[in-house]
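This report describes selected features of the structure shown below.

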Amino acid sequence: DLDELFRDGIVNILQHTKLSTVTRIKAVVNWTAIWLTIMQMVRSVRYLNADGIVAPIIIDCGARHTQLRRASQRCLKENQAIIVEAVELCRGRKYGEKSRLSKQQADKIKSFFWATAATSKLLNAWRGRRHFTIGLDALETLVLAGVEQGTQMTFGDFVHEWLYKKCHFVVGRTSAQEAGLLADFDASIFEDNEAKLVEQMSAAGLLTEYSDATRMVGLEN
């Protein structure tokens, strides 16, 4: 499923022929980085857990909820730890339990994960306290990769079916509920988070809101 996710995203990006070659190449590079971030997390979790249940990446869209910001920061640290743990287990199975990663090796693995996310604008910053977000470059890339040329997708489907079910990103209330996060968070936090994403996408020209309150995502009408 992860391989197909990458392939489908590349196909959709390249089929947006009305866009410049430079824009499409930039999106291909960004999509590769976004997918690598998803792939490392998902495959590590699946390697460690036989049930294959994947913990989602909690996205903070800037709605200024401290609880959400802290949860996203923890999510980054937890994902890095999971990836290192999976590598340790794989290494132990291949070379023996006494074969351990050095601190330097573990730090390099963690750095590759967060730096890849930062490069594609899935992190808020390169230094200091980092959390998952969706910067403008990442947002445009996710629209190009998820929405076929000449079509539009409802905002609800974009947030839940594409960002959550395909990419494992939690933004809105429905996704948070399905991920089991509403036991620890007030639902309004994710409603505000989703509203902030609407605001950002509308400003970037990635979302059109019609008179009947229908919201459609896409670069080409």
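With which side chain does the side chain of His-160 make a polar contact?

## Basis of the description

The model is predicted: local features need pLDDT of at least 70, side-chain atom pairs count only at pLDDT 80 or more, and totals for chains, interfaces and linings use all residues. Residues are numbered from 1 along each chain as its sequence is written, and side-chain values use heavy atoms, with hydrogens and water left out.

## His-160 and its surroundings

The partner is the side chain of Glu-178, at 3.1 Å. A polar contact is a pair of N or O atoms within 3.5 Å; within protein, one must be able to donate a hydrogen and the other to accept it, and residues adjacent in sequence count only if both atoms are side-chain atoms.

His-160 belongs to helix 6, residues 155-164; helices (H or I, at least four residues) and strands (E, at least two) are DSSP runs numbered from the N terminus. His-160 counts as buried because its relative accessibility is 11%; buried means under 20% relative accessible area, exposed over 50%, and partly exposed in between (1.4 Å probe, protein chains only). Beyond residues up to four places away in sequence, His-160 touches Lys-165, Thr-174, Ser-175 and Glu-178, where contact means heavy atoms within 4.5 Å.

## Nonpolar cores

A nonpolar core is a set of buried Ala, Val, Leu, Ile, Met, Phe, Trp, Tyr and Cys residues joined through side-chain atoms within 4.5 Å. The largest has 50 residues, of which Trp-31, Leu-142, Phe-158, Trp-162, Phe-169 and Met-201 touch the most other members. Helix 2 gives the most to this core, with nine residues.

A second, separate core of ten residues includes Ala-71, Tyr-164, Ile-189 and Phe-190.

## Helix 2 against helix 4

Residues of helix 2, among them Asn-30, Ala-33 and Leu-36, meet residues of helix 4, including Phe-112, Phe-113 and Thr-116. The residues of this contact comprise six nonpolar, five polar and no charged; Ala, Val, Leu, Ile, Met, Phe, Trp, Tyr, Cys and Pro count as nonpolar, Asp, Glu, Lys and Arg as charged, and the others, Gly among them, as polar.

## Positive phi in two loops

Arg-64, in the loop between strand 1 (57-58) and helix 3, has phi near 65°, a positive value in a residue other than glycine. Arg-64 is exposed, with a relative accessible area of 77%.

Lys-121 lies in the loop between helix 4 and helix 5, and its phi is near 70°. Lys-121 is partly exposed, at 36% relative accessible area.
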